[in-house]
Amino acid sequence: KIDKRFAYDRKEVKDYGEEKDKIIVGSLNDKDRVLMIDDTITDGGTKLEAITKIKTLAPKARIIGVVIVFNREELGKSKKSAVQEIEDMGVKVYSMLGAKEVFNYLYDRKIDGRIYVDDKVYKKFKEYMKKYGV
């Protein structure tokens, strides 16, 4: 058995209690090693905000990485990828799946007798990636 604590970001800051409790639900301490986990990354904004909050509330805590299930492979707030912007803050990002990988796999592939990513859908994806992707 591994006993680990967890915490998550409040959607709305509460107006009472200690500073950490107003922003984070759960326990966050200065000596913690933090692994952030999220389902998807688009422009990276929420991850960058969370990293900033953690560094503010527990300055000595070490953020050891961000695990993302699906990386949309898009630009961040600058002209860098969202992942690169996070890694520029010294935090490694680990993605399980990328948008290009998923679309390339599904392109012209029958699944249960149906093709979900045909030429038309794939073309739209490529156009979207030219505009927003990395």
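**Close-up 1. Asp112 in the loop between β6 and β7.** In this predicted model, Asp112 is exposed, with a relative accessible area of 80%. Asp112 lies in the loop that runs between β6 and β7, the latter strand covering residues 114-115. Although Asp112 is not a glycine, its phi is positive, at about 55 degrees. Most residues other than glycine have a negative phi.

**Close-up 2. Asp108 in the loop between α4 and β6.** Asp108 is a residue other than glycine whose phi is positive, near 60 degrees, and its place is in the loop between α4 and β6, a strand made of residues 110-111. With a relative accessibility of 52%, Asp108 counts as exposed, because the limit for that class is set at over 50%.

**Close-up 3. The packing of helices α4 and α5.** Helix α4, residues 99-106, packs with helix α5, residues 119-132, at an angle of about 160 degrees, and the two axes are 11 Å apart. Helix α4 is therefore roughly antiparallel to α5, since angles over 145 degrees are placed in that class. The residues that make the contact are Ala99, Lys100, Phe103 and Asn104 on the α4 side, and Val121, Tyr122, Phe125 and Met129 on the α5 side. The crossing in which α4 passes α5 is left-handed.

**Close-up 4. The salt bridge between Lys47 and Asp38.** The side chains of Lys47 and Asp38 form a salt bridge, with a distance of 2.8 Å from N to O.

**Close-up 5. The salt bridge between Arg72 and Glu74.** In the salt bridge that Arg72 forms with Glu74, the closest N and O atoms are 3.0 Å apart.

**Close-up 6. The salt bridge between Asp88 and Lys80.** A further salt bridge joins the side chains of Asp88 and Lys80, at 2.5 Å from N to O. Asp88 counts as partly exposed, at 44% relative accessibility, and Lys80 likewise counts as partly exposed, at 41%. The structure holds five salt bridges, among them the one shown in this view.

Close-up 7. Glu87 belongs to helix α3, which covers residues 82-87, and it is partly exposed, with a relative accessible area of 25%. When neighbours within four places in sequence are left aside, Glu87 is in contact with Lys92 and Val93. Val66, which stands 21 residues away from Glu87 in sequence, has its C-alpha 9.5 Å from that of Glu87 in space.

**Overview. The protein from which the close-ups are taken.** The protein contains five helices and seven strands, which follow one another along the sequence in the pattern β-α-β-β-α-β-α-β-α-β-β-α. Of its 134 residues, 31% count as buried, and its accessible surface comes to about 9,600 Å², with 52% of that surface belonging to carbon and sulfur atoms. Among contacts between residues at least 6 apart in sequence, 63% join residues that are at least 24 apart.

Conventions: Residues are numbered from 1 along each chain as its sequence is written. This is a predicted model: local features need pLDDT of at least 70, side-chain atom pairs count only at pLDDT 80 or more; totals for chains, interfaces and linings use all residues. Side-chain values use heavy atoms; hydrogens and water are left out. Helices (H or I, at least four residues) and strands (E, at least two) are DSSP runs, numbered from the N terminus. Buried means under 20% relative accessible area, exposed over 50%, partly exposed in between (1.4 Å probe, protein chains only). Contact means heavy atoms within 4.5 Å. Accessible areas come from the Shrake-Rupley method with a 1.4 Å probe; for residues, only the protein chains shown count as cover. A salt bridge is a side-chain nitrogen of Lys or Arg within 4 Å of a carboxyl oxygen of Asp or Glu. Axes are lines fitted to C-alpha atoms, for helices over the stretch in contact, and angles run from 0 to 180 degrees between N-to-C directions. Angles under 35 degrees count as roughly parallel, over 145 as roughly antiparallel, 65 to 115 as roughly perpendicular and the rest as oblique. A crossing is left-handed if the near helix is turned anticlockwise from the far one by less than a right angle, and right-handed if clockwise.
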